[in-house]
Amino acid sequence: MRDHDPSSQPAHGTAAGAGALPIAISRVSKAYGAFKALDDVSLDVARGEFLTLLGPSGSGKTTLLMVLAGFQRPDSGRIAFGSDDITLAPPHKRGVGMVFQNYALFPHMTVAGNLAYPLKLRGVGRGEIETRVARALDMVQLQGLGERQVDQLSGGQRQRVALARAIIFEPRILLMDEPLSALDKKLREEMQIEVRHLHQRLGMTTVYVTHDQREALTMSDRIAVIDKGRFRQIGAPREIYERPVDRFIAAFIGESSFLPATLRDGEAALGGQPLKLATRPAPMEAPLLVLRPEKLRILAPGEDGTALNLLRGRVAELVYQGESTLLHVDLDGGTRIAVRQAASAAAPPLPTPGGAVILGLAPADTILVSDTP
Amino acid sequence: MTAATSPAPNEAALRAAGRRESLTLGALAAPGLALIGIVALAPIAWLFWLSVRKGDAYTLEHYVRLLHPNYMLSLQTTFELSVLVTVICVLLGYPLAYLIAQARERTASILLLFVLFPVWTSLLVRCYAWLVLLQRRGLINTWLTDIGLIDAPLRLVHNFTGTTIGMVHIMLPFMVLPLYATMRAIPRDYLRAAANLGATPSQAFRDVYVPLSMPGLAAGIIIVFILCLGFYVTPALLGGGRVMMWSMQIERHVTYHADWGAASALGVVLLAMALAIFWAVGRVIGFDRILGGR
């Protein structure tokens with residue numbers, strides 16, 4: 001983001017979020033026939049928080065966003081913005097900004113016309129509309145494109161216009177429905193950072209829907225993982241990634257392989273060998289050891305691995321991926337797992353296919369999850 | 001890269017293959033183009049030629065004759081009727097198309113069937129049906145008299161009113177179908193976005209839905225208006241000889257006077273009017289939108 005006149009923008013940090021509203025979702029259900037899109041979900045989004053609803057398609061994340069925007073009426077449950085119960089409020093009275101998946105920019109209006117529309121509806125004067133449209137274009141780095149037709153814009157530019165239109169009337173809550181999914185990878189990653197910065201500057205409470213786990217990890221203060229209409233885990237990105245509560249979360253976020261383990265009196269074991277853990281695990285049924293490719297390290301021949309949990313196997317295949325190499329390793333038990341080794345001159349030489357390897361897993365990275373309930 | 005400047009050895013072969021492909025595609029398109037030429041363009045050219053011929057000489061006589069008040073009155077009638085029918089079709093067709101576009105898939109197909117059903121029925125049958133309904137001792141007058149709303153039968157047919165009613169009935173599908181197609185393609189998200197930005201349902205309809213349905217409306221207006229301009233059967237049957245349409249003048253010249261020159265001039269004027277309407281609507285709405293560009 002470019003630097004802007006500080007007087008025209010809310011200050012960083014402390015002031016951010018002052019005008020934002022918290023969202024309280026309590027016991028919301030929504031069914032389409034026999035299909036439960038939302039099954040008694042409750043969630044509080046803090047003032048100024050960036051919360052991501054992450055889930056596979058059909059998980060209910062978009063339905064929840066539609067309920068928040070007022071386009072779908074829940075079958076039961078309440079929604080409150082701040083102290084106002086808005087469960088029954090029509091969409092045009094909710095005052096929330098929304099970025100649609102396909103942007104929904106009005107094709108019969110210019111860029112400036114699109115941005116001015118919410119202001120016109122609010123009876124803002126002509127002069128002020130012009131000022132605010134110019135400022136909004138500036139904010140999303142589209143200076144001077146106000147007179148363009150929407151179909152003359154690139155995908156990335158449309159995305160920015162959609163974002164500008166959603167925030168130009170200074171809503172205190174912003175909803176985003178997979179806003180970056182139509183962009184190519186590089187642009188998407190740029191926009192992730194930009195949206196994040198914009199949120200930090202403006203501080204509105206944001207609910208962001210995505211099915212892209214990396215996007216969720218990049219952008220969010222908190223992630224709510226949703227599946228089959230229910231929240232599976234709600235927490236900060238690091239917590240979700242490092243401490244998944246069950247197999248579903250561990251498999252959905254990041255790449256994971258699983259090995260069945262045993263857990264008795266707080267002592268974990270894998271195939272009869274005790275596992276070194278950083279913390280005493282909570283009791284669980286059918287514990288599984290989570291193996292993430294980047295957490296496993298190939299031990300150099302003769303290296304001392306006594307502080308690590310060790311796995312033995314044979315390299316089945318090497319996949320060169322540029323920044324790293326992915327090794328498919330058949331463990332002695334027969335399970336095939338993936339190991340990622342960063343491409344660096346400092347890294348030990350790669351084993352050859354068919355060669356035996358010893359893999360080390362640090363106790364802090366040794367995570368047990370229960371098999372999905 | 002040794003031979004960057006000299007052509008690669010297979011360049012000629014590739015160019016020949018490209019030429020062959022163009023020729024093949026051209027040959028495939030030829031029957032269609034020939035048909036359009038023979039069926040559409042050639043008769044129009046012939047029509048023009050006839051309209052400026054008298055005996056063996058070129059003349060504008062046929063056009064000059066059209067300035068006679070008789071023709072002017074006919075032109076006015078044709079124009080008034082076409083405008084009136086088009087306006088009524090818009091007023092009836094827009095809400096109807098909107099209703100069908102908003103309905104569930106199943107309901108929409110049933111409603112569309114009702115719209116299309118008259119199109120599949122013979123034009124003559126429908127005109128005579130209106131005659132039965134509208135005439136002096138027809139169904140409508142009988143009912144209205146029976147329930148005591150009127151004392152004397154209304155003059156509903158064999159005049160401008162009857163012609164208008166009959167033509168609206170016949171033209172309505174041509175208004176509804178393009179409108180429906182356009183409306184159905186308006187993404188819901190546009191209306192949701194408008195609502196989200198603070199528009200009440202009626203504001204969203206006015207500011208977003210109506211402008212986006214314009215191409216369909218324009219197409220409907222053009223089709224209905226142009227069909228009206230050249231309409232013959234309904235005015236002839238329901239107008240009772242009192243509604244003298246441009247098309248009837250053509251028929252008169254051909255049938256009674258065998259005057260092909262005058263008939264051709266009338267035809268050329270009709271064609272010019274149709275093109276003028278198309279141009280006028282196109283100027284307002286944009287040609288690419290009417291022709292289905294976007």
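User: Which residues of α1(A) are buried?
Analyst: In this predicted model, helix α1 of chain A covers residues 61-69. Eight of its nine residues are buried, so the helix is largely enclosed by the rest of the structure. The buried ones are A:Lys61, A:Thr63, A:Leu64, A:Leu65, A:Met66, A:Val67, A:Leu68 and A:Ala69.

User: How many helices and strands does chain A have, and what box do its C-alpha atoms fill?
Analyst: Now for the whole chain. Chain A has 373 residues, and buried ones make up 37% of them. Among its contacts with a separation of 6 or more, 67% join residues 24 or more positions apart. The chain has eight helices and 21 strands, and its C-alpha atoms fill a box of roughly 75 × 50 × 40 Å along the principal axes.

User: Which residues is B:Ala194 in contact with, leaving aside its neighbours within four places in sequence?
Analyst: With the neighbours within four places set aside, its contacts are B:Ala199, B:Ala204, B:Asp207 and B:Val208.

User: Which element gives the largest share of the side of chain B that touches chain A?
Analyst: Here 14 residues of chain B are in contact with 16 residues of chain A. Two elements of chain B give two or more residues to that side: α8 (188-196) and α9. By class, the side has eight nonpolar, four polar and two charged residues. The largest share, six residues, comes from α8(B).

User: At what angle do α9(B) and α12(B) pack, and are they roughly parallel or antiparallel?
Analyst: Helix α9 of chain B spans residues 201-229 and α12 spans residues 260-285, with their axes 10 Å apart. The pair packs at an angle of about 165°, and an angle over 145 counts as roughly antiparallel. The helices are therefore roughly antiparallel to each other, at about 165°.

User: How many nonpolar, polar and charged residues make the contact of α9(B) with α12(B)?
Analyst: α9(B) passes α12(B) in a right-handed crossing. The contact includes B:Met214, B:Ile222 and B:Phe225 of α9(B), and B:Leu270, B:Ile277 and B:Phe278 of α12(B). The division is 15 nonpolar, no polar and no charged.

User: How do α7(B) and α9(B) cross, left-handed or right-handed?
Analyst: Helix α7 of chain B covers residues 160-184, and its axis comes within 8 Å of that of α9(B), crossing at roughly 155°. These two helices are therefore roughly antiparallel to each other. α7(B) passes α9(B) in a crossing that is right-handed.

User: How many polar residues are in the contact of α7(B) with α9(B)?
Analyst: Among those making this contact are B:Phe174, B:Pro178 and B:Thr182 of α7(B), together with B:Ser213, B:Gly216 and B:Gly220 of α9(B). The contact has 15 nonpolar and no charged residues, and its polar residues number four.

How values were computed:
Residues are numbered from 1 along each chain as its sequence is written. Chains are lettered from A and ligands numbered from 1 in the order in which they are written. This is a predicted model: local features need pLDDT of at least 70, side-chain atom pairs count only at pLDDT 80 or more; totals for chains, interfaces and linings use all residues. Axes are lines fitted to C-alpha atoms, for helices over the stretch in contact, and angles run from 0 to 180 degrees between N-to-C directions. Helices (H or I, at least four residues) and strands (E, at least two) are DSSP runs, numbered from the N terminus. Angles under 35 degrees count as roughly parallel, over 145 as roughly antiparallel, 65 to 115 as roughly perpendicular and the rest as oblique. A crossing is left-handed if the near helix is turned anticlockwise from the far one by less than a right angle, and right-handed if clockwise. Two residues are in contact if their C-beta atoms, placed from the backbone, lie within 7 Å. Ala, Val, Leu, Ile, Met, Phe, Trp, Tyr, Cys and Pro count as nonpolar, Asp, Glu, Lys and Arg as charged, and the others, Gly among them, as polar. A residue is buried if 20 or more other C-beta atoms lie within 10 Å of its own, exposed if 12 or fewer, and partly exposed in between; C-beta atoms are placed from the backbone.
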